[in-house]
Amino acid sequence: MSNPSGKAKPPTLASMFTLFAKYRPSLNSFQGDGKRILLSQSDCWMQQADLIGAKHFTLTQTGLTFFEFRKSTLDYEEYLQFLTMLCTERQVNLEEVKHKLTNCGPPGINS
């Protein structure tokens, strides 16, 4: 059923990336423009999606993989590479990870 009335569309991985890339996990943190994501924002997103822990990833693993890019922020295409690298290293299903990241709710909401 189409929705011409402008109600909220279901989230996509790209739309969630933008939300978390704008999110400020703490008051002294950088306010992003939604185009590039910081490691702290990514970790916040992964924690909210219940991806940090024994079954998926540790914060050490996310940090080491993020820093392989030798950048302080990643754009969406780089972030997809980051997720692929993490999942390959940990033998975790990439589609499951993308699903959890897409459906965990906006930043700061604990489901």
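Helices (H or I, at least four residues) and strands (E, at least two) are taken here as DSSP runs, numbered from the N terminus. With that settled, here are my notes.

1. Ground rules. This is a predicted model, in which local features need pLDDT of at least 70 and side-chain atom pairs count only at pLDDT 80 or more, while totals for chains, interfaces and linings use all residues. Residues are numbered from 1 along each chain as its sequence is written, and side-chain values use heavy atoms, with hydrogens and water left out.

2. Overall layout. You will find five helices and two strands in the chain, and their order from the N terminus is α-β-α-α-β-α-α. Of the 111 residues, 39% count as buried (under 20% relative accessible area; exposed is over 50% and partly exposed is in between, with a 1.4 Å probe and protein chains only). The accessible surface of the chain is about 6,800 Å², and carbon and sulfur atoms hold 56% of that (Shrake-Rupley method, 1.4 Å probe).

3. The α1 and α4 packing. Helix α1 (residues 13–22) packs against helix α4 (residues 76–90) at an angle of about 105°, and their axes are 11 Å apart (axes are lines fitted to C-alpha atoms over the stretch in contact, and angles run from 0 to 180 degrees between N-to-C directions). The two helices are therefore roughly perpendicular, a label for angles of 65 to 115 degrees. On the α1 side, Leu 13, Ala 14 and Phe 17 meet Tyr 76, Tyr 79, Leu 80 and Leu 83 of α4 (contact means heavy atoms within 4.5 Å). These residues divide into seven nonpolar, no polar and no charged (Ala, Val, Leu, Ile, Met, Phe, Trp, Tyr, Cys and Pro count as nonpolar, Asp, Glu, Lys and Arg as charged, and the others, Gly among them, as polar).

4. Two backbone spots to look at. Most residues other than glycine have a negative phi. Asp 50, not a glycine, has a positive phi of about 60°; this residue lies in the loop between α2 (39–48) and α3 (59–67) and is exposed, at 54% relative accessible area. Gln 91 also has a positive phi, near 55°. Gln 91 sits in the loop between α4 and α5 (94–102) and is exposed at 77%.

5. Cysteines. Cys 44 counts as buried at 17% relative accessibility, and Cys 87 is buried at 3%.

Key. Parallel < 35°, antiparallel > 145°, perpendicular 65-115°, else oblique.
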